[in-house]
Amino acid sequence: MITLDKRRRKKLQAVVDKDYSYRSYWDEDVEVRTTGKCGHGVFAARQFLPGELVMEVTGQLISKKDYEGSEYVMDLDTKWYLEPSMPGAFMNHSCSPNCELIQLTKTSLGVVAICNIEAESQLTFDYAWEAFDWNPRCRCGARNCRGWVVAEDEVKKMKRLAKKHKKKSS
């Protein structure tokens, strides 16, 4: 088996995206497209008003006791994760989001607008992750950006972890 270097993988992924449309989605309300700086994202195809349901997030239910998660996984309840299908898998984090996730049904989440969202705007929510040494740096660009993809009350802990990690790698 041949391992792919990053450049070759990126080139081949472009072929998969173009020819097979695994990362494309469009309906009358939302669409998945590239963001430029954060891979793919979900964008409003029309205006949404505050409190309006933007979309339902469905996918595969996975027991929390047997799963460590992925970069897409969402908390459903105390026993289950939701590994979201399209387009929910491509919703990006923002420290200043325009949407929030709510429990919609026993097996799905809802994305609800928390402000007026104009057509063509990227739809985002605050992942509010707990701080761990694997948390990525945030690239949302919001004025109030916390610097990492963590909950607001986890920033101090994340700074300590990042400092400790930096000392180990020096």
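Modeller: Two strands pair if DSSP finds at least two bridges between them. Keep in mind that this is a predicted model.

Colleague: What makes E6 and E7 a pair?

Modeller: The cut-off is at least two bridges. E6 and strand E7 (residues 80-84) are joined by 2 bridges, so they meet it. They run antiparallel. Met74 stands opposite Leu82 in E7.

Colleague: Now Arg146. Where does Arg146 lie, and why is it called buried?

Modeller: Arg146 lies in the loop between strand E11 (122-125) and helix H2 (155-169). Buried means under 20% relative accessible area. Arg146 has 11%, so it counts as buried.

Colleague: How do you know that the side chain of Arg146 makes a polar contact with Val150?

Modeller: The side chain reaches the backbone oxygen of Val150 at 2.8 Å. The limit is within 3.5 Å, so the pair qualifies. Beyond four places in sequence, Arg146 is in contact with residues including His93, Cys95 and Asp126.

Colleague: What lines the largest pocket?

Modeller: The largest pocket has a volume of about 1400 Å³. Its lining has 44 residues, and among the closest to its centre are Glu71, His93 and Trp129. The lining divides into 23 nonpolar, 13 polar and 8 charged residues. E11 gives the largest share, 3 residues.

Conventions
Residues are numbered from 1 along each chain as its sequence is written. This is a predicted model: local features need pLDDT of at least 70, side-chain atom pairs count only at pLDDT 80 or more; totals for chains, interfaces and linings use all residues. Side-chain values use heavy atoms; hydrogens and water are left out. Helices (H or I, at least four residues) and strands (E, at least two) are DSSP runs, numbered from the N terminus. Buried means under 20% relative accessible area, exposed over 50%, partly exposed in between (1.4 Å probe, protein chains only). A polar contact is a pair of N or O atoms within 3.5 Å; within protein, one must be able to donate a hydrogen and the other to accept it, and residues adjacent in sequence count only if both atoms are side-chain atoms. Contact means heavy atoms within 4.5 Å. On a 1 Å grid over the protein atoms alone, a cavity is a set of points where a 1.4 Å probe fits but cannot get out, and a pocket is an open set with protein on both sides within 12 Å along at least five of seven lines; lining residues have an atom within 4 Å of a point. Grid points are joined across faces, edges and corners, and a volume is the space filled by probe spheres set on the points. Ala, Val, Leu, Ile, Met, Phe, Trp, Tyr, Cys and Pro count as nonpolar, Asp, Glu, Lys and Arg as charged, and the others, Gly among them, as polar.
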